[in-house]
Amino acid sequence: MDLNDTPEEASFRAEARAFLEQHLELLPPGTLRRGLAENLTAEAVAEAQAWQKTKADGGWACINWPEEYGGRGASPIQKLIWGQEEAQYEHPNTTVFSIGTGMAGPTILAHGTDEQKAEWIPKLVTGEEIWCQLFSEPSAGSDLAGLRTSAVRDGDEWVLNGQKIWTSGANWCKWGVIVTRSDPNAAKHAGLTYFVVDMSDPGIEIRPITQINGGQGFNEVFFTDVRIPDAWRLDEVGNGWRVAITTLMNERVSIGSAGGESMISSLIEHVQELKINGGRALDDPAVRQRVADFYVRSKGVEFTGHRTVTKLSQGGIPGPEASLGKLIAGALIQDIASYAMDLEGQAGSIMADSGFQASYLGSPGLRIAGGTDEVLRNIIAERVLGLPPETRMDKDIAFKNIPTGPPSK
Amino acid sequence: MNFDFSEDQKLLQQTVRDYLSKNSPLSLCREVLESDAPYAPDLWKGAAELGWLGTAIDERYGGAGFGYLELVLIAEELGRALAPIPFSSTLYGPAEAIRLAGTDEQKSRYLTKIAAGELIAALAFSEASGQNDVESAATTLQGGKVTGTKLPVIDGGTADTVLVAANSDAGLSLALVDLTGKGVTREPLESIDPSRPLARLNFDGAPAELLGAEGEGAALASDVLDRAAVLMAFEQLGSATRALEMTREFVMDRYAFGRPIASFQAVKHRLADLWCEIELARSNCYWAAWALDTDDSELELAACSARISATKALDLATVEMIQLYGGVGYTWEYDCHLFYRRSRLLGAALGGSSAWRDRLVGRVDARAAA
């Protein structure tokens with residue numbers, strides 16, 4: 001057991017830092033994560049693309065991918081080191097690539113043909129083409145496999161019809177990965193097929209969703225007779241659920257791996273400066289008790305991440321236990337924001353520069369996106385602890401015969 | 001970075017687990033709990049013979065000369081088994097203090113006996129309900145003699161030697177007192193976990209042997225508590241993990257409404273939450289084990305974090321254990337209360353979580369200011 005860098009890791013860290021220093025300035029400490037999917041402007045996207053291109057040219061984009069696809073075959077630990085280093089520098093917000101590099105890319109690498117990888121991966125790595133994920137539907141969220149967007153085969157093509165929702169950044173995207181219902185007569189999970197779609201197709205209509213914090217990071221996406229070639233299918237017909245699971249496991253690791261740490265340091269700085277009852281908030285015994293609990297939880301998430309990385313570096317794959325990071329960090333961020341505001345007294349209702357109010361409004365999304373807290377608890381209970389699955393009403397019958405409620409409004 | 005134990009260390013852990021599953025079933029813990037015996041002598045003898053007591057003790061003093069990474073894994077296994085022996089009392093406080101501050105002669109005299117299982121020691125810092133700091137000890141040290149009262153002292157009734165914190169004109173000092181010598185009386189106290197007995201120790205001019213310099217006991221006591229907290233946290237972690245495993249097995253076998261109760265979401269989500277608490281504690285414990293083993297300055301943060309999260313995880317595990325077992329979990333006959341009792345005993349030893357939280361924040365604050 002050793003938390004320090006090995007000589008090889010130290011030299012990799014130095015190499016990463018040298019590259020970052022060449023292009024960026026160090027970040028002032030205490031910058032807060034506000035939640036999911038901030039509003040993006042065309043200018044911000046262009047800046048993000050420029051930084052992604054710089055990284056790709058230097059061999060620092062998607063570093064854990066194979067060299068032939070623009071990576072450098074970096075180990076999970078090297079990826080962690082890169083993330084730690086990059087986070088210390090001021091760089092354009094690259095969230096817009098997170099679906100591509102964190103979810104679509106790994107899924108294509110795992111399930112795509114060589115031709116598909118050659119077509120999509122290089123421009124994904126350089127940031128030239130941005131990707132989105134078309135999974136959830138108005139009546140298929142936690143029960144994702146209940147999705148209804150149809151794919152009907154027509155010779156060498158497929159015709160897509162239906163509606164997707166909660167698609168981050170759809171308006172900036174060239175490509176999307178989509179799970180469709182290709183066989184309504186098959187059982188629920190068996191009738192799904194996974195595709196790539198061109199988001200500029202005239203049959204696709206994108207409508208932004210306004211979130212509780214006023215942001216518009218997500219969209220509804222409507223499909224009307226969208227025709228795509230069979231060459232854009234990932235993996236076999238009817239194998240879409242297995243492919244989707246690859247995407248989702250990558251999503252949980254990617255959402256769960258950041259946020260809690262910067263939140264607790266911001267809280268500590270906040271209570272060192274904030275005055276309550278004439279003294280520093282941090283000198284108040286009640287505050288100390290709460291801050292300690294937040295700190296311990298935050299450290300627990302951080303070091304659980306280190307254990308996961310160690311397991312990955314020993315050849316393991318991201319397993320169901322990776323759900324812990326997102327389950328704990330989501331609620332932790334919300335709780336810390338709420339507590340920081342409570343300490344501010346009546347002023348807690350002012351949208352302040354400290355960022356806690358913004359975190360408070362953004363954080364509920366962290367507990368829903370990419371698997372709600374409740375779904376994650378089911379995953380842990382069933383796949384880590386081996387407890388029996390839920391009793392289901394939708395097994396062993398054709399999808400079209402599964403009972404449904406009234407249509408969503 | 002490698003945030004895991006080595007294959008050799010895991011093999012050692014498995015050997016310890018195998019031995020304990022044969023030689024320390026829960027019925028052994030219950031036997032001690034239901035009798036007047038202070039501990040299980042055969043198991044104590046076994047722990048000495050297998051070299052567990054000397055795991056982290058230098059070879060010069062009859063130990064195995066391993067590091068703390070081996071010792072924490074043994075602690076975890078002893079926690080799993082609720083082993084009724086004075087392992088933690090002897091090793092986590094007194095042996096650590098002797099290693100940190102003892103002279104060569106003291107180390108040779110005490111550690112050799114400890115490694116051989118020939119000396120039981122105990123930690124005597126606390127004096128009164130509500131006292132959460134060592135420095136305010138009313139016990140005095142004058143002219144090499146200790147006067148005052150310490151309570152509760154785990155294994156104080158059987159220990160040969162105790163580590164006491166006492167004040168003199170020079171300030172707080174730590175000293176070793178031979179409990180079989182003059183000026184010492186011991187009274188048993190009723191323990192919440194009678195498998196780990198408690199005593200009140202009265203000192204009336206009992207001869208004491210200074211450990212470290214006189215008046216420099218506060219920093220030493222703080223170091224000792226940090227190190228003991230890490231080792232104790234692994235014991236708590238082991239007990240919590242076992243409690244979860246037993247609860248899991250119970251809810252899988254128990255049927256109600258025609259299904260295993262483990263299939264109800266109300267039960268599944270509670271166990272998922274418990275699993276998370278235990279994993280968070282485990283991660284903090286690993287951090288602390290690394291800091292202890294490498295003597296890293298983060299130990300002052302990691303020890304508190306491990307202590308707080310392991311106490312919380314074991315608390316939750318034992319509360320949930322009884323609740324999910326239902327009525328039978330509340331019976332004397334079932335083993336749930338062994339865990340429930342042990343949780344509180346370990347949670348109180350070394351001071352409550354409120355005090356550890358305060359200590360942690362003080363250190364985080366100081367480091368941020370530095």
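## Helix α10 of chain B

Two residues are in contact if their C-beta atoms, placed from the backbone, lie within 7 Å. This contact rule applies to a predicted model.

What covers the buried residues of α10(B)? The cover includes α2 (26-34), α7 (217-253), α9 and α11 (353-369), which belong to chain B. The buried residues themselves are B:C336, B:L338, B:F339, B:Y340, B:R341, B:R342, B:S343, B:L346 and B:G347.

The length of α10(B) can be checked. This helix runs through residues 336-348 and has 13 residues. At 1.5 Å a residue, they should span 18 Å. The end C-alpha atoms are 19 Å apart, so the two values agree. Just after the helix comes B:L350, with a positive phi of about 70°.

## Helix α6 of chain B

Helix α6 of chain B covers residues 104-116. Its 13 residues reach 18 Å from the first C-alpha to the last. That is close to the 18 Å expected at 1.5 Å a residue.

Which residues of α6(B) are buried? They are B:Y110, B:L111, B:I114 and B:A115. Among the elements that cover them are α5 (87-101) and β1 (121-124) of chain B. After α6(B) comes B:G117. The phi of B:G117 is positive, near 75°.

## A helix pair in chain B

Helix α8 (residues 265-294) of chain B packs with helix α9 (residues 299-325) of chain B. Their axes lie 8 Å apart, at an angle of about 155°. Angles over 145 degrees count as roughly antiparallel. The two helices, α8(B) and α9(B), are therefore roughly antiparallel to each other.

The crossing of α8(B) past α9(B) is left-handed. Sorted by class, the contact between α8(B) and α9(B) has 19 nonpolar residues, three polar and four charged. One of this pair turns up elsewhere too: α9 is among the elements that cover the buried residues of α10(B).

## Where the chains meet

How many residues of chain A are in contact with chain B? There are 37, and they touch 38 residues of chain B. On the side of chain A that touches chain B, four helices of chain A each supply at least two residues: α7 (260-273), α8 (285-313), α9 (323-343) and α11 (373-384). The largest share comes from α8(A), with 15 residues.

By class, the side of chain A that touches chain B has 19 nonpolar residues.

Key. Residues numbered from 1 in each chain as written. Chains lettered and ligands numbered in written order. Predicted model: local features only at pLDDT ≥ 70, side-chain atom pairs only at ≥ 80, totals over all residues. Axes fitted to C-alpha atoms, helices over the stretch in contact; angles between N-to-C directions. Parallel < 35°, antiparallel > 145°, perpendicular 65-115°, else oblique. Left-handed = near helix turned anticlockwise from the far one by under 90°. Nonpolar A, V, L, I, M, F, W, Y, C, P; charged D, E, K, R; others polar. Expected span 1.5 Å × (residues − 1). Buried ≥ 20, exposed ≤ 12 C-beta atoms within 10 Å, placed from the backbone.
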